[in-house]
Amino acid sequence: MSAGTEKRGLADFDVGLWRLFFEIRIVGLGVLGVIAFVPAARVEPVIAVFILGFSVPANVVMRELVTRWRFLPWWMPIADAALSAVAIAIQPSLAPITLLVMLGSTSQAATAGWRTTVPTTLAGAPFLFVPIVAYDVPDGVTQLLAYLSVSIGVTVFVAVIASAERAGRRSNQSLLDGIDAVVWEAHPYPFVDATVSGNTRAMLGHDRDRLSGPGAWLSYVPAFDRAAVVRESQAFIEAGEDHELTYRVADADGNLHHVRDRVRVEVDADGRPTTTRGVVVDITDEVRVRESNRNLAELVERVPVGLVVVRSARSGEFTTVTVNPAYEDLTQRPATSLVNTSVTGPLDGPGASELLRLLIDVQETGRAQRRGEAGDLRRDGERILSLEAFPISDSLIGLNVMDVTDRVITARVLRHQALHDELTGLPNRALLEDRLRHGIDAARRDHGAVALLLLDLNQFKEVNDTLGHDQGDRLLRMVAIRLREALRAVDTVARLGGDEFAVLLTDDVSPRRTLRAAERILACFDEPHDIDGMSLQCGASLGVALYPEHGDDAEALRKHADIAMYAAKRRGGGVAVYDPERDRPNLDRLTLVGQLRHALDNGQLLVHYQPVVELSTARVVRVEALVRWDHPERGLIGPGEFVDVAEVSGVIRPLTRWVFEQAAQDTQRLTAAGHVLDVAVNVSVRNLYEPAFVDAIRGALERADLAGDRVILELTETQVMDDPLLAHGVLERLRSLGVRGSVDDFGTGHSSLSNLQSLPLSEIKIDKSFVQAMGDGDEAAATIVKSIVALGQNLGLAVVAEGVETPSALTRLSMLGCDHAQGYLLAAPLPYDELVAFLDGSRSGVSF
C-alpha cells in the first residue's frame, strides 16, 4: 500500500460522488441565499434567511452522514419537499425553479434504489401541493404533476442503472474476496481517499474496515521498516513510475508476513499522479523458500561431500551439469573442465569406470545405487571413495562422492584387531571358529573333510616363569612364524591364548595328509629357539580331530581335538588322533555336561561345608563351601567327577556363581543362628576371564547382606600362575570389596616368589598330598610343609593345611606354627543343617 493514502472499503454507492453532490447543493444554496438579499432579485428576505439559516446547515449534516457513516437518510427527499414547499409559500414565483432543484435531488437519491426513492418522492408531493394550490401558483398543479412523472421515471431509470452498477461492484468485490491478495486504489492525488478490497482476513487476519483509517496500513508495518517504505513509495509516486515494493506487515496475531506490493501509477497530461492502484501479495512462503535455497546452496558449497548433477541421454552418454567445490577437490580439476563434458571424460582413475557403471545402473533401474568402496578418480590417486547415485528426474541423476579412505582403513584395522591375536598377528579364536564353521559347511556340501589340530606347548610355563613374560612373548612369536612357514597358505594357523595354538585344514584334507601336516608342525620344535643368545627348547602336544569321522559340527570337533591333545600331553607330547573307544571314559564325562546344566537349573546341586579350625584356639573360624551333585541315577557325586567337565564345557561359570550365591546366603543364616564365621569358595580361572565376574560377586554380597571381608575366594596355584597379570587385576578389584584371595593346592605348581609376593593374597593352602604324606612319616614332605609355613609367615600370609586326617599330622602342623587346618580328622564336609548342629556342639572348641 503506497504511503500517504487512506483505505476504504467499496460501498454499494460512490461515497465520493455523494459528497460532491452535497457540496454542490451547499454552494448552490449559499449562492441563492446571498442573491436573495439583492433587491434586484425581488426575493423575499425571509427566503434568504431560511436558506442560509436552515437549508445550508441541513445539507452539511446530511453530507457528513453520507461520507462518514455511509448513511443516506430515507427522509431526505421528504425534507427537500418540505423545504421547497416553505420556499414556494414564501415566494410562489420560485415554484418552477424549486421543482427543478427537487428533480435533481430526486435523481441523485435514486442511486440508493427506487424502492426507497419513489415512496419518499410521493410522500413529499403533498408538501409541494399545499402551497401551490394555496397560493394559486400559475400552472402549479401541472408543474407538480410533470415533476412527479419525470421524477418517478428518472428514479426508476437511475435506480436500474445504479442497481446494475452495484451488482457489478458486488461481483467484483466477491471476485477480489476470493483471491489471496489485497487490492487497493487511491485517488485523487494527494490521496484524500482510498479503497481496499481482497481477502484481508484470510491473508492477515484483519477486517477491511480495520485497515480503512488514515495510515492504518502503515501502522502494521514494523517501525524499523516503515520510514524506508514511505520514502521509497513517495519517490516512485511523485515520479509517476510504476513500481514494486517488498516489506513486512504484521497480522492480527503479531506475526510478520513478507508482502510484495505492485503499484501502478496513473498521471494526468501534466505528469501529475492522479490515481494509484496496487496488489499486495503474501510472499512469506516464497521468502522462506528462497532463504532455504540460499542455505541449501551454502551447504552444498561447504559440505565435504562431492555433489554432482548429471544429465543422462538415451544414447548412454552422461554429461556433468554442475559440481560443488568438494568434487573439484576429489578430482583435482576445476569446475570449468568438468561441467558440460562427459562425466568420466576428464577422469582417468580406477574409480571412473565404477562411477560410469553406477550411473548406467541408475538409468536402467530408476532406483538409487551405491558403491561402498570404489577406486580413486585420479590415475595416481590412492583414496577410497564411496559413490551413491540417485534419480532426480527423467533426465537428471544426482551423484554423491565421499572420501572414505580413513574410515575404511580404520574399519579394516579394527576388524583385523578383532579377529587376530595382537601378539603374533595370527587369527584368534573368533576367526578360527568362523572359518571352522564355514569349512564344515563347505565340506558337508562338497562331501569333503576338515581337520582341526590343537597344539599346546610343553615347558612354556618354565620359560615364562624363569625368563619373564617378555621373553615368553618372543618365544610365542617365533613359534607362530615357524608354524606359518611349515603350512600352506590356504591353511589357518591361529593362537587361542596363552601357549595354545590351532591349525585348521580345509583344502584337500585326508587322514594321511593331516598326519603329514602334524609331522611338519612337530618338526617346528626340533630346533631350539635362540633368544638373546639363549637356546630354548620346547616341545608340543598335538591333538587331531577330523570331520566327519570325529564330529559333525564345530563344537564337537573342537572338543574332540581338545581331548586328543590332552591325551598327547599325558603321553609327554607328540601327536594323538581322537579315538572314540580309547576316550570312552572321557565321552562318559562329556555326557555329564548336558546333565550338569539340567542339574544346575533344577536344584540337583547341593553345597556342603567343611569347618576350618584355628589351631591356636581349636575354634572353628570359617567353613569351605564344597559343591555336591545329587545325581538321580548315580547318587551323591563329589566335585572331582564333574568339575573338570564343567571347566571344559563352560558350565563352570554359572556353577561358580550359583555356589557363591548359596554360600553367601547360608553364611548370613549362620550369623543369624549365632555362628559368625567366614566362608571360602573355590573359583575357576575361567571366572577370572568373565568381565562381569566382580560385579556378580558384588551383587551376591548385596543380596545376602554379607560383608566382603567375610569371604575368601580360592584359586589353585596352577590357575594363578597361568596368567598372574589377569589374576592380579581381578584379585585387586575383589580386594576393593573386602574379599580376600587364597592360593589353593600350594606346592603343586610352579609359583615364583616375585609373582606370589606381588599378588593381593591373604593366605596360602598347603596341598593335602604333602600334609597326608607328612602324617605318614614322610620327612621330605614334612620339610616342604615346614618351608611353606615359613614362606607364608615371611610374606605375611596366613597358612591353611588341608587334608588333615591323622593326629600326627595335626600335631606336626601345630608345632610348625600353621595357622589353620581342615580335614576329616576335624570334620567332614556337612550339609547346612548338620553343620549347624556340629557348630552348636563345638562352641568351646574342636577336640583334637
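**Charged and aromatic pairs in a predicted model**

D532 and R474 form a salt bridge, with their closest N and O atoms 2.9 Å apart. A salt bridge here is a side-chain nitrogen of Lys or Arg within 4 Å of a carboxyl oxygen of Asp or Glu. The pair links distant parts of the chain, 58 residues apart. D532 lies in the loop between β14 (529-531) and β15 (534-536), and R474 lies in helix α17 (residues 469-486). Helices (H or I, at least four residues) and strands (E, at least two) are DSSP runs, numbered from the N terminus. D532 is exposed, at 52% relative accessible area. R474 is partly exposed, at 29%. Buried means under 20% relative accessible area, exposed means over 50%, and partly exposed is in between (1.4 Å probe, protein chains only).

The structure is a predicted model, in which local features need pLDDT of at least 70, side-chain atom pairs count only at pLDDT 80 or more, and totals for chains, interfaces and linings use all residues. Residues are numbered from 1 along each chain as its sequence is written, and side-chain values use heavy atoms, with hydrogens and water left out.

The salt bridge count comes to 38. Among them is the bridge between D491 and R488, whose closest N and O atoms are 2.9 Å apart. D491 is buried, at 2% relative accessible area. R488 is partly exposed, at 33%. Another bridge joins the side chains of E732 and R735 (2.8 Å, N to O). Both residues lie in helix α26 (residues 724-735). They are three residues apart, about one turn of the helix. E732 is partly exposed, at 30% relative accessible area, and R735 is partly exposed, at 46%. Salt bridges that share partners also join E244, R260, R262, E286 and R290 into one network.

The structure holds one aromatic pair. The ring centres of W629 and F642 are 5.6 Å apart and the planes are at 90 degrees, so the pair is edge-to-face. Rings of Phe, Tyr and Trp (its six-membered ring) pair if their centres lie within 6.5 Å; planes under 30 degrees apart count as stacked, over 60 as edge-to-face and the rest as tilted. W629 is in strand β19 (residues 619-631). F642 is in the loop between β20 (635-637) and α21 (643-649). W629 is buried, at 0% relative accessibility. F642 is buried, at 0%.

Across the protein, there are 31 helices and 26 strands. Of its 848 residues, 46% count as buried.
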